[in-house]
Amino acid sequence: VRIDFDGVYMNATVWVNGHEVGTHPYGYTSFSFDITDYVKYDGENTIAVKVVNNTPSSRWYSGSGIYRDVDLTITDDVHVDLNGTKVTTPNLETEKGSTVNTNVTATVANDSDAAKSVAVRHTVFPKDGSADQSIGTVTTNAQSIAAGATAEIQATVPVSNPELWSVDDPSLYTVRTEVLVDGQVTDTYDTEYGFRYFNFDSNTGFSLNGENMKLKGVCMHHDQGALGSVANDRSTERQVEILKMMGCNSIRVTHNPASDELIDACNKHGILVIDEAFDGWVAPKNSNSNDYSKWFNKKIEDGNEIMGAAENMTWAQFDLTAMIERGQNDPAIIMWSLGNEMREG
């Protein structure tokens with residue numbers, strides 16, 4: 001049992017039935033906790049989230065509190081881990097129009113108390129279709145995963161002539177990953193994916209799928225105007241639709257990682273994205289003495305059960321990793337920005 005927060009502004013502390021599971025200071029990245037051991041399975045459960053939004057903390061309207069989605073994720077003991085698939089097509093430029101060898105790495109966790117024999121099946125089909133419309137599938141050989149361990153299982157799926165994702169024709173596919181234990185499916189995990197390649201050239205500029213184009217972009221903050229900071233599906237998509245009608249083909253997200261809603265809308269409508277990690281690093285801006293700079297180089301405290309934390313990891317490392325792992329399969333994202341107007345330079 002896992003609780004997944006897409007974004008809480010800011011300095012969040014989370015308790016489950018009175019047990020403090022951990023903290024997360026940044027307001028714009030996703031974070032999760034495994035709460036299996038703290039849940040009551042025969043009665044009511046209380047999950048409490050405390051936010052400390054000390055001002056001044058931002059140069060724009062930040063909102064406050066739980067302003068992005070929260071999901072309760074329940075899996076079998078053997079399952080695809082958090083952000084557990086990575087899809088790449090390193091030879092797409094030469095293989096387009098025929099069979100595209102699509103590499104999928106699945107990180108599978110075995111949270112049971114015994115070793116398990118695990119195989120993974122990947123199936124690729126159009127996003128709005130079904131697995132019956134598969135254009136590629138493969139099943140890996142079974143391998144043993146020890147109790148409490150995770151394993152990266154590599155596979156190459158031969159995908160038959162997928163349509164390319166572009167700003168004019170944003171074709172999307174589902175990569176469905178099924179975890180099989182002793183031949184039985186224990187977990188199904190879907191990844192949205194678009195087949196595209198791009199290049200930056202110092203002489204000819206940017207090209208998408210071999211076609212040169214200018215990035216006609218805007219810088220866009222996360223708020224929804226009079227609707228505030230809440231990550232609303234329809235209002236976010238409406239913004240993207242209006243920008244598309246204006247002739248825009250790219251968005252640089254200012255000055256923080258985007259909501260899932262914005263990335264999903266850009267995948268759907270064909271908008272290229274530069275996802276930005278931070279406004280600043282270790283120096284506050286505009287006298288915002290309570291902004292993220294005070295957390296940037298701090299190490300994650302001992303005892304924090306936040307998923308993805310590692311020994312001696314700083315919050316900047318954690319949040320940069322969270323941003324990249326969240327967006328690594330999104331066709332819209334072509335760049336990540338390390339920060340905006342860095343004073344350290």
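How much space lies in the largest pocket? About 1600 Å³. A pocket here is an open set of points on a 1 Å grid over the protein atoms alone, where a 1.4 Å probe fits, with protein on both sides within 12 Å along at least five of seven lines, and lining residues have an atom within 4 Å of a point. The volume is the space filled by probe spheres set on those points, which are joined across faces, edges and corners.

Please keep in mind that this is a predicted model, with local features needing pLDDT of at least 70 and side-chain atom pairs pLDDT 80 or more, while totals for chains, interfaces and linings use all residues. Residues are numbered from 1 along each chain, and side-chain values use heavy atoms, without hydrogens and water.

| Pocket | Volume | Lining | Residues nearest the centre |
|---|---|---|---|
| Largest | About 1600 Å³ | 49 residues | Leu82, Asn83, Tyr189, Asp260, Arg326 |

Now to a single residue. Lys285 sits in the loop between β22 (272–276) and α4 (315–327). With a relative accessible area of 4%, Lys285 is buried (under 20%, using a 1.4 Å probe and protein chains only). A polar atom of the Lys285 side chain lies 2.3 Å from the backbone oxygen of Asn340. Beyond four places away in sequence, Lys285 touches residues including Arg59, Asp279 and Asp291 (heavy atoms within 4.5 Å).

Terms used: Helices (H or I, at least four residues) and strands (E, at least two) are DSSP runs, numbered from the N terminus. Buried means under 20% relative accessible area, exposed over 50%, partly exposed in between (1.4 Å probe, protein chains only). A polar contact is a pair of N or O atoms within 3.5 Å; within protein, one must be able to donate a hydrogen and the other to accept it, and residues adjacent in sequence count only if both atoms are side-chain atoms.
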